[in-house]
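Open the structure in your viewer and keep the sequence panel beside it. Each stop below says what to select and what is there.

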Amino acid sequence: MTVVGPYAAKIGYSGAFAYIAMLSFVPWWIAGLATHVVSHGWGHRFPLWLVAALGALAAGPLILIYASGVYLIAAAWWPSLPSDGRFIMDIERWQAFALSQGRSIVLWVAFVMIFTETFGWKRYAAFDRRTSGPPASDLPAPGLLAPVAESPFQLSGAAWTAEDDRQLHALVTDGLPPRAIASRMQRTFHAVRARTTKLGLKNNKP
């Protein structure tokens with residue numbers, strides 16, 4: 001947008017980059033914070049895609065207020081930028097906002113799901129604050145290692161340690177399927193599959 005957009009010709013490349021960055025990075029951070037709030041409050045009840053959608057929806061009004069402030073600052077710094085119609089909230093403006101909000105929700109959900117499934121990120125992992133420990137049904141059976149405690153910012157894509165490998169070996173030996181192991185170790189299904197194969201462990205369960 002800085003190179004091929006219409007702003008460079010009006011305010012220069014540095015000004016165009018600053019203007020586009022203010023309308024890109026900060027709204028992304030606002031959406032991330034709003035999604036974390038939703039995940040922290042309702043992540044234990046809602047699926048991840050719904051948590052992401054609600055986070056983007058909640059961020060919409062905040063981003064609208066922020067963008068209006070950016071337009072005011074940009075109009076003061078760069079008078080050559082067109083600002084007519086930015087603050088006229090007529091039906092066309094509301095329609096444009098609704099379209100932008102819908103597009104943002106779809107893209108945000110897609111990004112969150114892709115990052116989770118591909119990179120194993122657990123930034124918005126479910127975290128139930130109502131319990132101080134695992135339910136009785138989730139307690140490990142005798143001989144099993146205890147499950148890793150859940151954390152709202154746990155990074156499942158972290159490197160495998162020797163302790164992780166020992167836990168994986170024990171869970172495979174106990175006959176747990178890969179998806180149950182992934183849930184127990186806070187890893188993705190594909191990460192568990194790949195690590196099991198690399199260690200030469202046999203687990204043919206789906």
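The tour goes from the whole chain to a pocket, then to single helices and residues.

**Before you start**

This is a predicted model, where local features need pLDDT of at least 70, side-chain atom pairs count only at pLDDT 80 or more, and totals for chains, interfaces and linings use all residues. Residues are numbered from 1 along each chain as its sequence is written, and side-chain values use heavy atoms, with hydrogens and water left out.

**Stop 1: the whole chain**

Show the cartoon. The protein chain has seven helices and zero strands. Helices (H or I, at least four residues) and strands (E, at least two) are DSSP runs, numbered from the N terminus. Of the 206 residues, 33% count as buried. Buried means under 20% relative accessible area, exposed over 50%, and partly exposed in between (1.4 Å probe, protein chains only). Among contacts (heavy atoms within 4.5 Å) with a separation of 6 or more, 65% join residues 24 or more positions apart.

**Stop 2: colour by confidence**

Colour by pLDDT, the predictor's confidence in each residue, from 0 to 100. The chain's mean pLDDT is 75, and 76% of its residues reach 70 or more. Now select residues 127-140: pLDDT is below 50 there, and the stretch has 13 contacts beyond near neighbours in sequence. Residues 142-156 are also below 50, with 40 such contacts in the model. Where pLDDT is low, the predicted coordinates should not be read in detail.

**Stop 3: the second largest pocket**

Which residues are closest to the centre of the second largest pocket? Select L23, P27, I63, S100 and S104, the closest of the 29 lining residues. The space in this pocket is about 960 Å³. On a 1 Å grid over the protein atoms alone, a pocket is an open set of points where a 1.4 Å probe fits, with protein on both sides within 12 Å along at least five of seven lines; lining residues have an atom within 4 Å of a point. Grid points are joined across faces, edges and corners, and the volume is the space filled by probe spheres set on the points.

Next, show α1 (8-22), α2 (25-42), α3 (48-77) and α4 (91-119). Each supplies at least two lining residues. The largest share, eleven residues, comes from α4. The lining divides into 21 nonpolar, five polar and three charged residues. Here Ala, Val, Leu, Ile, Met, Phe, Trp, Tyr, Cys and Pro count as nonpolar, Asp, Glu, Lys and Arg as charged, and the others, Gly among them, as polar.

**Stop 4**

F111 is partly exposed, at 32% relative accessibility. Its C-alpha is 9.2 Å from that of A52, 59 residues away in sequence. Then move to W121, in the loop between α4 and α5. W121 is partly exposed too, at 34%.

**Stop 5: helix α6**

Select residues 178-185. The buried residues of α6 are P178, I181, A182, R184 and M185. They lie on the same side of the helix, because they cover an arc of only 165° around the axis; the arc is that of the directions from the helix axis to the C-beta atoms. What covers them includes α5 (162-173) and α7 (189-198). Turn to the face away from the buried side: exposed R179 and S183 are there.

**Last stop: Q186**

Q186 has a positive phi of about 55° although it is not a glycine. Is Q186 buried or exposed? At 9% relative accessibility, Q186 counts as buried.
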